[in-house]
Amino acid sequence: MSDQVTKPVLVVDFGAQYAQLIARRVREANIYSEVVPHDASAEEIKAKNPAALVLSGGPSSVYEDGAPKLNREWLELGIPVFGICYGFQAMTEALGGTIAATGDREYGRTQLSVVGGIAHAHAPESHEVWMSHGDAVSKAPEGFTVTATTKGAPVAAFENLDKRMAGVQYHPEVNHSPYGQGVLEKFLTEIAGLKADWTAANIADELVEKVRTQVGEDGRAICGLSGGVDSAVAAAIVQRAIGDRLTCVFVDHGLLRQGEREQVEKDFVAATGAKLITVDDRKVFLDALDGITDPETKRKTIGREFIRSFERAVAQALDGAPEGETVDFLVQGTLYPDVVESGGGSGTANIKSHHNVGGLPDDVEFTLVEPLRLLFKDEVRAVGRELGLPEEIVGRQPFPGPGLGIRIIGAVNEERLDTLRRADAIAREEMTAAGMDKVVWQCPVVLLADVRSVGVQGDGRTYGHPIVLRPVSSEDAMTADWTRVPYETLEKISTRITNEVPEVNRVVLDVTSKPPGTIEWE
């Protein structure tokens with residue numbers, strides 16, 4: 001799949017915390033979508049050949065100086081448009097309606113009275129929705145029919161079927177609006193007239209064809225295999241596209257969890273039959289990371305050394321190939337959240353450089369092949385299952401490419417890695433025993449290497465390191481909540497770690513959601 005899909009639904013981001021979630025909800029309706037900034041020009045929007053626009057919410061008031069404005073030219077492109085919250089108000093203003101500061105703010109669960117139309121969507125005439133607004137639409141634009149109201153919003157939904165435009169003041173994309181998905185789907189399929197045909201099977205076929213076109217009939221590629229679901233699915237797609245012209249490279253960078261190298265070598269080859277080269281570069285990576293404590297520098301150092309490892313693996317990948325052939329393509333399991341967090345796209349903040357995006361060196365000699373670049377994690381899993389990968393691979397919890405290197409707060413060395421490996425193995429073993437593997441999205445185990453705390457073990461004073469448990473639940477890693485692990489399980493993990501890992505005398509639980517915290521500590 002290229003960075004442009006034919007006729008996508010574009011979610012226009014007005015600074016909403018839910019813009020990515022809106023895109024996910026559209027995709028859950030089996031229609032492709034992606035996020036674009038609100039300051040995109042009409043020419044840029046038109047160039048993407050969109051099937052529809054969805055205008056997100058945002059924190060501003062349409063009356064504020066500097067508040068983001070809806071480009072009126074978008075409304076003249078003949079494209080179906082759906083406004084949400086701030087996007088609903090911006091749409092109203094652009095079309096000549098009236099917005100007023102009613103003085104009756106609505107935040108959280110709010111009772112909605114439905115007249116009909118798009119707001120109905122199989123919902124009862126009165127039901128709860130999730131609101132977050134101070135201003136309200138007091139008069140709908142000319143030609144629009146009001147389809148719902150609330151106490152604080154006399155116009156809580158409207159539509160104009162001739163123009164193929166509609167909108168709601170509330171947030172249909174959140175779970176707190178129980179009929180919200182139906183509202184979105186009603187707009188997409190009935191008002192915009194779109195077909196719900198973006199399925200895992202179609203995605204897989206399209207991805208394979210895109211890779212086949214990019215690499216060509218004679219091109220060769222290597223794939224950086226980490227053992228996680230992303231790189232495994234990317235490799236399976238490329239192998240289906242170009243066959244034995246793909247060589248998978250598993251780099252043992254010394255930052256792996258206990259038993260991970262052996263598991264990857266066994267599971268992936270058994271599942272795909274792909275050619276796999278294992279490169280032992282543990283010393284190279286640890287030497288490069290010596291003394292580095294800054295998280296961004298760590299990630300970029302690891303990204304650089306990955307590329308150097310792949311370059312050294314080219315000779316092995318070409319073993320037996322005709323003389324003069326080269327390996328020009330590097331396959332990576334980059335996902336849409338990786339791109340967003342690494343500052344991909346106009347107006348997107350660089351939260352942290354993922355080693356396979358912002359962490360790559362400038363002098364990369366390969367052409368990147370990133371078939372999953374526009375997919376969320378659950379979509380990757382669905383494609384993996386469509387390609388026949390076993391559940392042991394597609395259901396595996398995410399593990400970052402930089403490995404334990406970004407789960408050690410402080411400099412990375414072999415002693416600290418050994419401490420973290422033993423603690424991590426205990427936590428994973430007890431989580432599995434408690435049946436939490438399908439409940440927890442990911443559970444980073446973090447070593448606070450530059451922090452020590454006083455403890456007492458064996459009637460003596462200790463001065464050991466804290467270990468942090470970070471169990472989270474998420475759909476796509478863009479947002480997450482901490483998982484409520486049973487106290488009995490946490491007690492077993494804590495007791496075992498402090499008993500079996502003498503360097504650790506304290507185990508703590510991270511109960512921060514995302515936002516404000518990211519899933520990984522670095």
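## Exercises on a predicted model

E173 lies in the loop between β9 (165-168) and α4 (180-191). The model used in these exercises is predicted.

**Exercise 1.** Decide whether E173 is buried or exposed, and state which residues E173 touches.

Solution. Start with the cut-off: buried means under 20% relative accessible area. E173 has a relative accessibility of 1%, so E173 counts as buried. Next, leave out residues up to four places away in sequence; E173 then touches Y18, L21, I22, R25 and I84.

**Exercise 2.** Locate C85 and decide whether C85 is buried or exposed.

Solution. C85 sits in the loop between β4 (81-84) and α3 (86-94). Its relative accessible area is 4%, so C85 is buried. Beyond its neighbours within four places in sequence, C85 is in contact with G57, S132, V168, Q169, Y170 and H171.

**Exercise 3.** Find which residues UniProt places under "active site", and how they are arranged in space.

Solution. The unreviewed UniProt entry gives this feature at C85, H171 and E173. These residues are spread over 89 residues of sequence, yet they cluster in space, with a largest C-alpha distance of 11.0 Å.

**Exercise 4.** Describe how helices α13 and α14 cross.

Solution. The axes of α13 (residues 414-433) and α14 (residues 487-500) come within 9 Å and cross at roughly 150°. Angles over 145 degrees count as roughly antiparallel, and α13 and α14 are therefore roughly antiparallel to each other. Their crossing is right-handed. Residues making the contact include R422 and A423 of α13 and T489 and K492 of α14. By class, the contact has six nonpolar, one polar and six charged residues.

Methods. Residues are numbered from 1 along each chain as its sequence is written. This is a predicted model: local features need pLDDT of at least 70, side-chain atom pairs count only at pLDDT 80 or more; totals for chains, interfaces and linings use all residues. Side-chain values use heavy atoms; hydrogens and water are left out. Axes are lines fitted to C-alpha atoms, for helices over the stretch in contact, and angles run from 0 to 180 degrees between N-to-C directions. Helices (H or I, at least four residues) and strands (E, at least two) are DSSP runs, numbered from the N terminus. Angles under 35 degrees count as roughly parallel, over 145 as roughly antiparallel, 65 to 115 as roughly perpendicular and the rest as oblique. A crossing is left-handed if the near helix is turned anticlockwise from the far one by less than a right angle, and right-handed if clockwise. Contact means heavy atoms within 4.5 Å. Ala, Val, Leu, Ile, Met, Phe, Trp, Tyr, Cys and Pro count as nonpolar, Asp, Glu, Lys and Arg as charged, and the others, Gly among them, as polar. UniProt positions are given in the numbering used here, feature names are shortened, and annotations may be inferred rather than shown by experiment. Buried means under 20% relative accessible area, exposed over 50%, partly exposed in between (1.4 Å probe, protein chains only).
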